[in-house]
Amino acid sequence: MWSFIALSLLRAKAFAAPLDSHAQPRGIQSIGSIDPSTDEWSSTLSGIGPLILLVGERTTKQVLRNVRGVSSAFSLAAAPLGLLTVATSLIRFCGTQRLRAFIGYELEARTVAGIDVTRVNCGGVSAHLTDGYIVRSIVGSPSSQLVAVSILEGTERGIEAQALVKIRERDRFNEKKKRLGIPGGEANVEWCLHINVVELTDEALCHVVYALTNAIGIGTSSKEFVRFIQQLRVGNIPLESSPVTPTGLTTIDEKSGKKSAFWHFTFTTTFDAVSEFTTSASVPHTSAAMLGCVSAVGILIVHLLALWQNNWVMSIGWILVVSGYVGIVFGVTLAALLINTSCVSIKLDNSSSPNSSGAWKEGMVVLVKNVDSMDTTGSAFVTSPSPHQYLEAVYIKPSTSQARYLASFTTLSIILAFIAHYLGLRAIKWWASIGELGICILAAFARSASNELQPRFSEVKGLKIDKRCCSTGVIRTQKSHVIEHDTSSTYKLDARSYSLHNLNNKPTVGERVAYQTAKLCQNDATVRTLITNITGMQLVSLSVPEDPDTRALLVSFTGGILVSEGLTSPAAPLIISFRSKISDLAAPTSLLGRGIMRQLEWRLQAGTGKGIPLGNVYVFAMQSMLDWWTLSEDRNDMGDLQRNLHWPLFLVNVAFFLECLGLGMEGDSGMLSELDRVHEEVSNEDLKVAKDVIAFLGKWKL
């Protein structure tokens, strides 16, 4: 064993190097300085950094929805994130069918893409409230819909001037809709003006009539208007001694120096094109332009530093970087503008005067289809902490071939510009791509921070709204009751004015019989006078210059409503003003029936009018009128009012047709010919009922 160990040591000694005390130490050879651009990690950063510019779907769509002009589009283009989203969104919304099919969206509706990248809020898009926040959807028949509401209430004379300003603004909005090709059924604006007078004087009545006529554009200097106020009798108060002048609206009590409070004035307006942008202000153009300029200058400085480090030698890589960036800026700007201009946007001025005396309330109302509901309280009013609502209608325009080809060219330009930019960044200093990426991320954060947070809505207790603006706007009457004839009514006058409704409803049987009855009454002065006395019907109708098929009407009636017990009437006399197509006047039940909705007090003439030969028709009882039919506008729309009330309002419709026929005989040939055209098809049964009614009324003694 020891011999084996000795042998191993001898062999190890043979391999050992000889020790030389005079030998010099070995030097370490230098391999040169390390170039960071050749390191693996720097190469990875320079390759991955530009690719991050392709991602960022949510933030990019958010910016595209907020684009309102060149400044906001340039803000996105100067520091882009989500280039892939920009290209695909442009193809989805504006591209050709082949390109859409190539990326898998050939069967997608434009509204689906539009709701992602635009502020579209009509034309198949509706808004609803989810956990207090506004959410848009494209549900075909939504169970609920959100509508913007503005309310003005006050008791001062002169407050109606603010409402008239809003009405004129809404008229201009509707004119813009027609001019820009937005269908009439989209972005609807409705309004309702309601006035109750507690202490009626000649002056107050003239102010009320003045407000109603100006709301529908009738001039108070017309001879028809003068005739109306001369013949009108409300509470047996003559009007001949009451001058009607605009200056009277601002009369101040000389003793107190304060405006008199002689009416309860309410103006309600609705707008059904809302979105999450309704409660948030847009980013100012100067701020967006400044952010874009700062971002562009920052990125150019980064690349100039890279050029300086390369001793101002413009390499092919640096040229590709700059040219690619310029191409991206122009391409993204054009893409954002193409998406934005593919929609029509009309703003509705909802601002109130800083010197306004009335109290404006702004909020939303939830339109729920209460098909089976028996709730008559009205729709809930919700509001948010946002002090103002920014109303606009955004409608998707039909796509044109020019726009589709331009979108395809823009998409191709963005792709080529990014490829050039990416290849150039791989060829220059690695920190250039990282610096550019950092600027883009900071710019994206700044764009997000500049957007306002959406406020949360909450219900206002004790305030209910007439969501269709077809009764009183703000609902104050929750329960009606009958009073005796010798009992003084709470309100001495109930006046209402409504926006134009295009109904296109065909006349019902009751309306057809009423028209034939009115035509027969023209030859019977006794019956004609009787119907006028029963209903108290007065009518002023004027042509609308901008639309010869439309009339502006001022209507007053005091009763003549049929119930099973006899005749009934609201305790307060009614005055209604509205505009309507002549063809809709041929079916006036819903137009006139709005006046009896939400009446607080009624009077009943039991036994009067019973036995009128209308045939086997349904006329409901007085209690049903009080508990349901005049309180159910939340469930029953204008078409439902026509179907439900055409027999109870039979005598009122006859009186209305008599007035219209009289106007036709006096020179309004357009109204006469249109009414005859709509009612040209008449059955023998309808004529028989009309003749029986005339015979019955001829024997009627009041």
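The following paragraphs lead through selected elements of this structure, which is a predicted model.

Helix 3 spans residues 57-65, and its buried residues are Thr-60, Lys-61, Val-63, Leu-64 and Arg-65. The elements that cover these buried positions include helix 4 (70-78), helix 5 (83-94), helix 7 (110-117), strand 2 (133-137), helix 12 (316-341) and helix 14 (430-450). Helix 4 is itself mostly covered, with seven of its nine residues buried. Those residues are Ser-71, Ser-72, Ala-73, Ser-75, Leu-76, Ala-77 and Ala-78. They pack against helix 3, helix 5, helix 11 (285-309), helix 12 and helix 14.

Four strands form an open sheet in the order 12-19-17-16, and their pairing is mixed. Strand 12 (481-482) and strand 16 (561-563) are the edge strands, each of which pairs on one side only. Strand 16 is joined to strand 17 (residues 566-570) by three bridges in the antiparallel sense; within this pairing, Val-563 has Gly-566 of strand 17 as its bridge partner. Helix 19 (residues 622-629) lies across strand 12, strand 16, strand 17 and strand 19 (601-606), and runs at about 160° to strand 19.

The loop between helix 18 (589-593) and strand 19 contains Arg-594. This arginine is buried yet has no salt bridge. Its nearest side chain of opposite charge is that of Glu-190, 7.1 Å away, whereas a salt bridge requires a distance within 4 Å. Leaving aside residues up to four places away in sequence, Arg-594 touches Cys-470, Ser-471, Arg-496, Tyr-498, Ser-499, His-501, Phe-578 and Met-638.

The whole structure holds 11 aromatic pairs. One of them joins Tyr-515 and Phe-657 in an edge-to-face arrangement, with 5.2 Å centre to centre and 85° between the planes. This pair links distant parts of the chain, as Tyr-515 belongs to helix 15 (residues 509-521) and Phe-657 to helix 21 (residues 650-665), 142 residues apart. Tyr-515 has a relative accessible area of 1% and is therefore buried; Phe-657, at 0% relative accessibility, also counts as buried. In another pair, the ring centres of Phe-620 and Trp-629 are 5.0 Å apart and the planes meet at 20°, so the pair is stacked. Both Phe-620 and Trp-629 are buried. Together with Tyr-618 and Trp-628, these two residues form one aromatic cluster.

Technical notes: Residues are numbered from 1 along each chain as its sequence is written. This is a predicted model: local features need pLDDT of at least 70, side-chain atom pairs count only at pLDDT 80 or more; totals for chains, interfaces and linings use all residues. Side-chain values use heavy atoms; hydrogens and water are left out. Two strands pair if DSSP finds at least two bridges between them. Helices (H or I, at least four residues) and strands (E, at least two) are DSSP runs, numbered from the N terminus. Contact means heavy atoms within 4.5 Å. Axes are lines fitted to C-alpha atoms, for helices over the stretch in contact, and angles run from 0 to 180 degrees between N-to-C directions. Buried means under 20% relative accessible area, exposed over 50%, partly exposed in between (1.4 Å probe, protein chains only). Lys and Arg count as positive and Asp and Glu as negative; His and the chain ends are not counted. Rings of Phe, Tyr and Trp (its six-membered ring) pair if their centres lie within 6.5 Å; planes under 30 degrees apart count as stacked, over 60 as edge-to-face and the rest as tilted.
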